[in-house]
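Student: Could we go through this one together, starting with the terms and then the details?

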Amino acid sequence: MKTQVIIVGAGPAGLLLSHLLHLQGIESVVLESRTRADIESTIRAGVLEQGTMDILSEAGVGARMRSEGALHHGIELAFGGKRHRIDLNELTGRAITVYAQHEVIKDLVAARIAAAGQLLFEVSAVSLHDIDSKQPSVRFTHGGESQQLTADFVIGCDGFHGIARPTIPEPLRRDYQRIYPFGWFGILVESAPSSEELIYAQHERGFALVSTRSPTVQRHYFQCDPKDEVANWSDDRIWSEMHTRLESSDGWKLKEGKIFQKNIIGMRSFVSTPMQYGRLFLAGDAAHIVPPTGAKGMNLAVADVRLLSIALEAFYKKGQEERLSTYTEDALKRVWRAEHFSWWMTSLLHRFDDASPFQQELQRAELDYLVSSRAAATVLAENYVGLPFA
Ligand code: FAS
Ligand code: PHB
């Protein structure tokens, strides 16, 4: 069997790329190892940058995001018992939308199915072949049958643990990595929102984040030992820790509720270059990972896919290969900016057990500067809402 583009992975990167290619009349087949129900219920990211919001709207898949997502014009930084608002809109003229990643997945799956897109779930034994030729192919098992699909291009959108990145010969790859000495304990709670905007808290006991999913479901996180276990944290212990880290001199208090999901996620910064080899291209977590403090993970996946859809359209419509050959260089400009911002936000807000008193004072001085200088707040704001696409 033959197609134009094979996409491995039906996360935000793979599904959005398939949809954008479809809008350009370019055929693709998406291979996904999990079930549709699984990918539509995996709790992941929560914040869409302005650029992501615009791309989803322009691609005709933003209706539910606009009606059910929460448009936020600011965030709050909490430290020293006080909360300080960063007015994203006043500083940048741009905003963010809090709209869960799995909701974006649902919208993209629905759009692909409505367009009779080729989206194969529960595939296994996926392997890539002849990626340095003009006719790469993918072998896989689906419905108990071994199959081989040939295409002009293979796009690895299969995440950090996928098989695409390792298919690029190791001697040609250069990986950059920083693993953080902490993780995030995430909870989903049945309660009304405790604040109108997200609260990022720095506290001597560790970081905490107050986010939301809907008027009745809230998403909160607190810094924890990455080797800790969910079973060690009773609801009472969680609420006690969250209240301590979010203590506020103005009497504000986090609303409690029934905690119906708990999970621990590790944190790393990671970039693998090049993001292409022959006719194989990588997008999203398959090529890079950021700590979620800057809410960049999914948004970077969208930015990669935007570049790939432009490059593939130029190839098929005009026979031009220039944007394909510069994809890695073009993508990495935004990737490294987001890597730096995510590392900076993480360093600014988390507790480091090996931090000297001097380093702790530097952390506090930077926070004080951020909430008292328009120039400093603008740096945070423009990176948080996402820089305009080049
Ligand atoms: P994804 O990992 O989302 O998708 C890859 C897809 O490929 C998956 O569906 C997988 O099943 C499939 N796949 C893998 N191997 C395959 C194979 N061999 N064959 C076929 N299919 C295969 N980002 C934020 O901005 N904020 C957050 O709060 C946040 N929280 C996160 C929590 C967790 C637990 C994790 C793991 C990540 C989180 N992220 C967060 C980052 C996350 O949102 C990613 O950046 C985003 O999912 C990247 O999308 P994709 O690149 O499409 O990769
Ligand atoms: C979320 O709502 O899941 C979320 C929000 C902001 C972040 C990370 C995660 O920085």
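Tutor: Helices (H or I, at least four residues) and strands (E, at least two) are DSSP runs, numbered from the N terminus. This is a predicted model, in which local features need pLDDT of at least 70, side-chain atom pairs count only at pLDDT 80 or more, and totals for chains, interfaces and linings use all residues. Residues are numbered from 1 along each chain as its sequence is written.

Student: OK, where is A295 in the chain?

Tutor: A295 sits in the loop between β22 (288-289) and α9 (297-318), and its phi is positive, about 55 degrees, although A295 is not a glycine.

Student: And is A295 buried or exposed?

Tutor: A295 counts as buried, because its relative accessibility is 15%, where buried means under 20% relative accessible area, exposed over 50%, and partly exposed in between (1.4 Å probe, protein chains only). A125, in strand β9 (residues 124-129), has a positive phi near 50 degrees, but A125 counts as exposed at 57% relative accessibility.

Student: Switching topic, what is the strand order in the open sheet of 7 strands?

Tutor: The order is β6-β5-β15-β16-β17-β14-β18, with mixed pairing, two strands being paired if DSSP finds at least two bridges between them.

Student: Which strands stand at the edges?

Tutor: Those are β6 (82-86) and β18 (258-265), each with a single partner strand, so one side of each has no neighbour in the sheet.

Student: How do β14 and β18 pair?

Tutor: Strand β14 (residues 183-190) pairs with β18 in the antiparallel sense over 7 bridges, and G186 stands opposite N263 in β18.

Conventions
Chains are lettered from A and ligands numbered from 1 in the order in which they are written. Side-chain values use heavy atoms; hydrogens and water are left out.
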